[in-house]
Amino acid sequence: MRSSRVFHAVDSHTEGMPTRVITGGVGVVPGATMFDRRRYFVEHLDHIRKFLMNEPRGHSAMSGAILQPPTRPDADYGVLFIETSGCLPMCGHGTIGVATVLVETGMVEVVEPVTTIRLDTPAGLVVAEVRVEGGAAKAVTLRNVPSFALGLDRTVRVGPWGDIPYDMAFGGNFYAIVALEKLGIPFERAEKQRLLDAGLAIMAAINEQDRPVHPGNPEISGCHHVYLAAPGSDARHSRHAMVIHPGWFDRSPCGTGTSARMAQLHARGELALDTDFDNESFIGTHFTGRLVEQGQLGGRAGAQADGQGGSGGALTTVTPLITGRAWITGTAQYHYDPDDPFPEGFEL
């Protein structure tokens, strides 16, 4: 076997969604903060993401995380989140996978009944509390970054459906939240291609007509996730199909999507603080969410103020807790052979 580079990985899945945790082989990515490192990685090291995520080493719905030394003294590890679509500011299911891997491989000091892990991410500090029994990680509760509704009751013109109402919310990434009944497509796996096509069409239309921009960091922009809420979904239990660019479904209930959904429900006055929220994925797995704190982000009024996220003032944020489970599925070493015809993999 000939290779010029080797990447070490621990593979896991979080409620059905993979997280390939890269524990070695990348080296320290330059940058004073994890957001700086994300920018450098996107500009100079994206071939590593493609090598690890794309076929034949990955697949069309692959997701992963690259461990780094932290850039801040109050964190245990830094993390860069990667997937087939790019390098994300934050990933909830990925955080649950990373925390589980760190505990079950002994890469952090394991304390029972709860091991606390502080992760330095491009979106900010994320704290994960791992419930441990007999040395095994049984569940992870992460305290996500402040989330908010950017705009309520917006509309976007989408091909054959005409004007589609949606809400735009942020939970670490931007999410368009659409009531599936507005599209006339059943919430069934047999309709997955129609659901996928509709979500991608909505995504493209929003980015063309009303591209979202984070009021605190304009480098975080664009909608790459569409939450298609099933009929009957409410602030206690919501079922959904999560469509993700460039064309796949999240298998997990989606941590940042759960955060965005709760922020949207809170902005609508439907979900109070300290109230459990059950978010169910397209394959029937669950995350439990809870909003624990309210705050403000300066520079733009929130959807709570004017329904459209108007200008001026401060935007109301909420801090979410997300609880889910992950399981280690294997360990691997991925070798780069200089004669490999697919050094960056391929998409089909």
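Helix α5 is followed by Gly269, whose phi is positive, near 75°. The structure is a predicted model, in which local features need pLDDT of at least 70 and side-chain atom pairs count only at pLDDT 80 or more, while totals for chains, interfaces and linings use all residues. Residues are numbered from 1 along each chain as its sequence is written, and side-chain values use heavy atoms, with hydrogens and water left out. Helices (H or I, at least four residues) and strands (E, at least two) are DSSP runs numbered from the N terminus.

Helix α5 itself covers residues 255-267 and has 13 residues. From first C-alpha to last, α5 reaches 18 Å, close to the 18 Å expected at 1.5 Å a residue, where the expected span is 1.5 Å times one less than the number of residues. Of the 13 residues of α5, 13 are buried, so the helix is largely enclosed by the rest of the structure; buried stands for under 20% relative accessible area, exposed for over 50% and partly exposed for what lies in between (1.4 Å probe, protein chains only). In the loop between α5 and β15 (277-280) sits Asp274, which has a positive phi of about 60° although it is not a glycine. Asp274 is partly exposed, at 46% relative accessible area.

Most residues other than glycine have a negative phi, and most peptide bonds are trans. Glu15, in the loop between β1 and β2 (17-24), has a positive phi of about 45° and is buried at 3% relative accessibility. A cis peptide bond joins Glu55 and Pro56, with omega about 10°, and Pro56 belongs to the loop between α2 and β3 (63-68). The bond from His245 to Pro246 is also cis, with omega near 5°; Pro246 is in the loop between β13 (237-244) and β14 (248-249).

Turning to helix packing, the axes of α1 (residues 34-44) and α2 come within 5 Å and cross at roughly 80°. Here axes are lines fitted to C-alpha atoms, for helices over the stretch in contact, and angles run from 0 to 180 degrees between N-to-C directions. The two helices are therefore roughly perpendicular, on a scale where under 35 degrees is roughly parallel, over 145 roughly antiparallel, 65 to 115 roughly perpendicular and the rest oblique. Phe41, Val42 and His44 of α1 meet Asp46, His47, Ile48 and Arg49 of α2, with contact taken as heavy atoms within 4.5 Å.

Aromatic rings of Phe, Tyr and Trp (its six-membered ring) pair if their centres lie within 6.5 Å, and planes under 30 degrees apart count as stacked, over 60 as edge-to-face and the rest as tilted. By this rule there are seven aromatic pairs. Phe7 and Phe51 form a tilted pair, 5.5 Å centre to centre with 45° between the planes. Phe7 lies in strand β1 (residues 5-14) and Phe51 in helix α2 (residues 46-53), so this pair ties together parts 44 residues apart in sequence. Both rings belong to buried residues, and ring pairs link Phe7, Phe51 and Tyr336 into a cluster.

Finally, a search for disulfides, defined as cysteine sulfur atoms within 2.5 Å, finds zero in the whole structure. For Cys223, the nearest cysteine sulfur is that of Cys254, 12 Å away.
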